[in-house]
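Trainee: I would like to learn how to read a few features from a protein model. Could we take one and go through it step by step?

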Amino acid sequence: MQIFVAREQDPDEWRVPVLPATVEKLVEAGADVLVESGIGRDLHIDDQAYADAGATPTTDRLGALGAADMVLRLNKPP
């Protein structure tokens with residue numbers, strides 16, 4: 001299962017749907033996790049922390065959305 005974790009588009013939203021520790025659990029359960037590059041910037045979590053947890057950071061938002069079996073976000077899409 002491919003899971004894409006999208007960065008929120010609202011400039012006032014600083015929360016993230018998953019932290020690196022959660023990514024690690026998803027990967028251990030067999031998921032392929034892609035995170036949108038810069039997702040943790042407001043929380044001072046860099047892309048490398050997500051990569052170290054097993055996720056693949058990507059800048060291809062539309063491609064990841066199209067390929068994902070599941071998309072995780074906090075708010076409904078615009």
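Mentor: This is a predicted model. Start with His 44, which sits in the loop between strand 2 (32–36) and helix 2 (47–52).

Trainee: What is the value of phi of His 44?

Mentor: The general idea comes before the case. Most residues other than glycine have a negative phi. The phi of His 44 is near 60 degrees, a positive value although the residue is not glycine.

Trainee: Is His 44 buried or exposed?

Mentor: Exposed means over 50% relative accessible area. His 44 has a relative accessible area of 77%, so it is exposed.

Trainee: Which secondary structure elements does the protein have, and what pattern do they follow?

Mentor: The protein has 3 helices and 4 strands. Along the sequence they follow the pattern β-α-β-α-β-α-β. The radius of gyration is 11 Å, close to the 12 Å that the globule rule gives for 78 residues, so the protein is as compact as a globular protein of that length. Taken along the principal axes, the C-alpha atoms fill a box of roughly 30 × 25 × 20 Å.

Trainee: What percentage of the residues count as buried?

Mentor: Of the 78 residues, 35% count as buried. As for contacts, take those with a separation of 6 or more: residues 24 or more positions apart account for 71% of them.

Trainee: Where does Gln 2 lie, and is it buried or exposed?

Mentor: Gln 2 lies in strand 1. Buried means under 20% relative accessible area. The figure for Gln 2 is 18%, so Gln 2 is buried.

Trainee: Which residues is Gln 2 in contact with, leaving aside its neighbours within four places in sequence?

Mentor: With those neighbours left aside, Gln 2 is in contact with Asp 32, Leu 34, Ala 67, Ala 68, Asp 69 and Met 70. With Asp 32 there is also a polar contact, side chain to side chain, at 3.2 Å.

Trainee: Next, pockets. How is empty space found?

Mentor: Rolling a probe the size of a water molecule over the atoms shows where empty space is left. In this model the largest pocket has a volume of about 170 Å³.

Trainee: How many residues line the largest pocket, and which lie nearest its centre?

Mentor: The lining has 16 residues, and Arg 7, Glu 8, Glu 13, Ile 39 and Asp 42 lie nearest the centre. By type, the lining divides into 6 nonpolar, 3 polar and 7 charged residues.

Trainee: Where is Glu 8 found, and is it buried or exposed?

Mentor: Glu 8 is in the loop between strand 1 (2–5) and helix 1 (20–28). Its relative accessibility is 10%, so Glu 8 counts as buried.

Trainee: Which side chains make a polar contact with the side chain of Glu 8?

Mentor: One is the side chain of Arg 73, at 3.4 Å. Another is the side chain of Asn 75, at 3.2 Å. Not counting residues up to four places away in sequence, the residues that Glu 8 touches include Glu 13, Arg 15, Pro 17 and Leu 74.

Trainee: How many residues apart along the chain are Lys 76 and Glu 8, and what separates their C-alpha atoms?

Mentor: They are 68 residues apart along the chain, and their C-alpha atoms are separated by 9.3 Å. Lys 76 is found in the segment after strand 4 (70–72). Glu 8 counts as buried, whereas Lys 76 is exposed, with a relative accessible area of 74%.

Definitions and conventions: Residues are numbered from 1 along each chain as its sequence is written. This is a predicted model: local features need pLDDT of at least 70, side-chain atom pairs count only at pLDDT 80 or more; totals for chains, interfaces and linings use all residues. Side-chain values use heavy atoms; hydrogens and water are left out. On a 1 Å grid over the protein atoms alone, a cavity is a set of points where a 1.4 Å probe fits but cannot get out, and a pocket is an open set with protein on both sides within 12 Å along at least five of seven lines; lining residues have an atom within 4 Å of a point. Grid points are joined across faces, edges and corners, and a volume is the space filled by probe spheres set on the points. Ala, Val, Leu, Ile, Met, Phe, Trp, Tyr, Cys and Pro count as nonpolar, Asp, Glu, Lys and Arg as charged, and the others, Gly among them, as polar. Helices (H or I, at least four residues) and strands (E, at least two) are DSSP runs, numbered from the N terminus. Buried means under 20% relative accessible area, exposed over 50%, partly exposed in between (1.4 Å probe, protein chains only). A polar contact is a pair of N or O atoms within 3.5 Å; within protein, one must be able to donate a hydrogen and the other to accept it, and residues adjacent in sequence count only if both atoms are side-chain atoms. Contact means heavy atoms within 4.5 Å. The radius of gyration is taken over C-alpha atoms; the globule rule is 2.2 Å times the number of residues to the power 0.38.
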